[in-house]
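Trainee: I am new to this structure and would like a close look at a single part of it. Please take the surface that faces the DNA.

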Protein chains: 4
Amino acid sequence: MRIISVAAELFALKGYGIVTNKDVARAAGISTGALYYYFSSKLEMYVEVFWSLQARVDERIDSAMTGVDTLDGRLRAILEVAHSLNAEDPSIARFQGTARVDRIRHPELLEAIPNPPGEGARVMERLIADGVKTGEVTLERRQQVRAVVRTIFVGLIDSQSDDLERHRQAIDGLIALLDHKLLVPARKARA
Amino acid sequence: MRIISVAAELFALKGYGIVTNKDVARAAGISTGALYYYFSSKLEMYVEVFWSLQARVDERIDSAMTGVDTLDGRLRAILEVAHSLNAEDPSIARFQGTARVDRIRHPELLEAIPNPPGEGARVMERLIADGVKTGEVTLERRQQVRAVVRTIFVGLIDSQSDDLERHRQAIDGLIALLDHKLLVPARKARA
Amino acid sequence: MRIISVAAELFALKGYGIVTNKDVARAAGISTGALYYYFSSKLEMYVEVFWSLQARVDERIDSAMTGVDTLDGRLRAILEVAHSLNAEDPSIARFQGTARVDRIRHPELLEAIPNPPGEGARVMERLIADGVKTGEVTLERRQQVRAVVRTIFVGLIDSQSDDLERHRQAIDGLIALLDHKLLVPARKARA
Amino acid sequence: MRIISVAAELFALKGYGIVTNKDVARAAGISTGALYYYFSSKLEMYVEVFWSLQARVDERIDSAMTGVDTLDGRLRAILEVAHSLNAEDPSIARFQGTARVDRIRHPELLEAIPNPPGEGARVMERLIADGVKTGEVTLERRQQVRAVVRTIFVGLIDSQSDDLERHRQAIDGLIALLDHKLLVPARKARA
DNA sequence: CATGAATGAGTCTTCATTCAT
DNA sequence: TATGAATGAAGACTCATTCAT
């Protein structure tokens with residue numbers, strides 16, 4: 001629906017608390033009252049935006065993971081998905097970033113959107129579990145891997161999703177990092 | 001000042017838009033009117049909180065970098081600083097996370113706190129430039145390194161700073177990543 | 001009409017101000033738009049409900065009074081009518097109660113439904129005038145009788161019409177009062 | 001407080017749902033925002049008005065009942081209290097009338113003001129119980145007496161409290177009724 | 001230095017009403 | 001006949017800010 005897509009963009013940019021019904025209504029070309037014909041509240045509108053975007057992300061990640069069975073391969077695949085999604089519609093990633101902080105800032109949102117939402121958690125568990133099976137992740141490092149993967153994806157969303165070129169560089173850099181090619185050992189320091 | 005420290009905590013937790021003057025006043029044990037004796041506006045109060053925390057971070061990073069001259073060593077040092085700062089006062093990292101999004105959400109803040117703020121940018125440039133000197137960063141990968149470093153530190157702040165244990169795991173994981181020890185090549189892949 | 005009867009029930013329960021067109025429409029199984037095919041406004045709908053119920057009451061009171069020619073007998077007859085009407089359709093009395101206050105609260109209603117409405121006033125005048133004829137009411141007490149009768153019937157509607165059993169007790173009590181049997185002289189008082 | 005007294009008058013006249021904060025604010029000579037400095041919500045304001053008026057009524061009824069020990073005497077005393085209260089401040093009775101219907105129409109009010117409120121119920125029970133002791137009320141007629149007393153007082157409030165003269169006539173008529181003097185037996189009807 | 005009282009603009013939400021279909 | 005979509009005015013409530021004391 002038109003309303004959901006303009007709302008997504010506004011929420012992505014400004015967050016739940018700052019975007020007013022008036023903002024959404026004006027951007028959608030209707031009156032604020034009309035919003036209540038479609039959603040029972042601002043909160044519900046936000047929730048619908050959330051799941052609508054989440055669905056697109058989940059679908060893409062799912063299909064990117066099928067046919068790849070190493071953790072290493074999957075990480076690369078997901079990084080590429082992240083980039084192409086960002087290229088197609090930058091508000092998706094931006095929205096995910098703001099949604100994480102909005103769910104903390106507005107308790108109503110946390111209640112309406114249980115934590116952790118969507119496939120996110122499921123994908124992560126699958127990643128780790130399968131990584132253990134392939135031997136890529138040792139049992140002792142499981143938590144570390146989880147933490148690093150989370151750090152990287154959150155960092156990507158929060159710090160790079162507003163500039164497509166930089167986003168590409170971050171992706172390429174991270175792939176190089178996986179390839180041990182990002183950094184070269186230092187020449188004898190101080191030599 | 002007492003007001004700044006309670007304000008820091010509140011802003012870190014809830015963000016600029018949600019924390020009210022009344023919240024700050026009550027937490028500081030004064031009236032809202034009194035706030036205006038110390039700050040000319042809520043905005044100014046926020047700015048002062050910002051620089052007060054930023055100063056502590058800058059100082060720590062600066063001192064962590066002196067005496068280390070490889071990019072690799074510096075990254076490890078800064079990661080450790082990030083962790084110990086987080087252990088000492090969790091609201092510092094939290095505030096930095098919320099400040100990044102609040103500066104986007106509230107244009108007045110962006111105007112009052114130019115982007116990128118503080119030493120952040122200077123440190124980053126120094127890191128890269130010296131990395132080139134030591135040969136760790138090739139000229140073609142400069143942008144990638146910058147993007148990856150930024151991704152990692154933002155990811156750390158945004159995704160791990162609310163749980164000290166997980167924060168430690170992320171730090172250890174990232175160090176292992178630098179050591180090429182986080183992930184082991186897959187068995188199957190070699191079959 | 002179906003609409004009028006569901007509207008009557010809703011208005012009786014909640015009053016003019018609180019019942020929305022949507023409430024009525026939903027209860028009648030149509031859309032709010034359709035309401036405007038039958039009535040030109042919410043106000044007009046209310047007025048039609050009013051007269052529709054009033055007609056039923058008037059008719060019953062009229063027929064209860066014919067053939068009885070003392071004030072005393074008529075009061076008893078009307079009390080019984082009040083009870084049987086309440087037993088048949090409790091929303092009639094309830095509506096009359098709410099209508100009295102709604103006509104005060106919403107000036108538009110007062111304008112649309114002149115005060116005092118319906119046969120009420122006519123019946124009262126007949127009662128008093130004939131009571132004077134039969135000698136039951138002295139000239140000096142005319143106003144008092146009018147006021148007491150009004151007090152009793154309003155009290156019945158407003159305080160008892162939501163519970164049929166209590167309503168019966170009130171009716172029986174009032175008849176006992178007319179018979180000088182409700183209260184017995186106090187023992188102590190005679191001591 | 002000034003606000004409470006003007007609010008009482010407005011609520012008495014128009015009821016909870018129709019009186020707006022703006023109405024109260026304008027009548028009190030302040031802004032709507034200022035209301036929230038004194039009350040946390042419109043509901044709370046209403047509740048305070050309620051208890052403030054109820055306190056005055058309770059006190060008067062209590063003192064009217066002391067020293068009188070027959071039911072008959074007490075009823076007369078309370079009727080006189082009703083009249084003098086109405087003479088002093090007509091909004092008290094009017095408010096009690098509207099409050100009864102508002103508590104039904106607005107469930108929040110019922111929750112905030114438990115039913116039955118104030119001394120009302122206590123006074124009624126005392127009246128009946130002592131009436132049984134003095135022999136004025138037989139055991140079988142207890143419920144009837146309760147219902148009649150309730151009917152009369154509700155009727156007085158709801159139908160007469162807006163006109164002091166008529167109120168007086170109703171009181172006098174009711175006293176005459178207790179004295180068996182309101183109505184005279186009919187001369188041979190039809191004779 | 002500090003407060004309590006107050007303001008007014010702005011927010012979400014409701015609802016009678018309209019109208020093209 | 002009837003509907004679904006939409007409007008716009010109004011209502012409760014919040015909050016940064018001001019100011020006399």
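Trainee: How far is a sugar or linking oxygen of DNA strand E from an N or O atom in the side chain of B:Tyr37?

Mentor: The model is a predicted one. In it, the distance between a sugar or linking oxygen of DNA strand E and an N or O atom in the side chain of B:Tyr37 is 3.3 Å. One phosphate oxygen of DNA strand E lies 2.6 Å from an N or O atom in the side chain of C:Tyr36. At C:Asn21 a polar backbone atom takes part, with a phosphate oxygen of DNA strand E at 2.9 Å. As for secondary structure, two or more residues of the surface near DNA strand E come from each of these elements: α3 (32–38) of chain A, α3 (32–38) of chain B and α3 (32–38) of chain D.

Now the surface as a whole. There are 25 residues around DNA strand E, and those that come nearest are A:Tyr36, B:Tyr38, D:Ser31, D:Tyr37 and D:Tyr38.

Definitions and conventions. Residues numbered from 1 in each chain as written. Chains lettered and ligands numbered in written order. Predicted model: local features only at pLDDT ≥ 70, side-chain atom pairs only at ≥ 80, totals over all residues. Heavy atoms only, no water. Near = heavy atom within 4 Å. Polar contact = N/O pair within 3.5 Å; in protein donor to acceptor, adjacent residues only side chain to side chain. Helix = DSSP H or I, 4+ residues; strand = E, 2+ residues; numbered from the N terminus.
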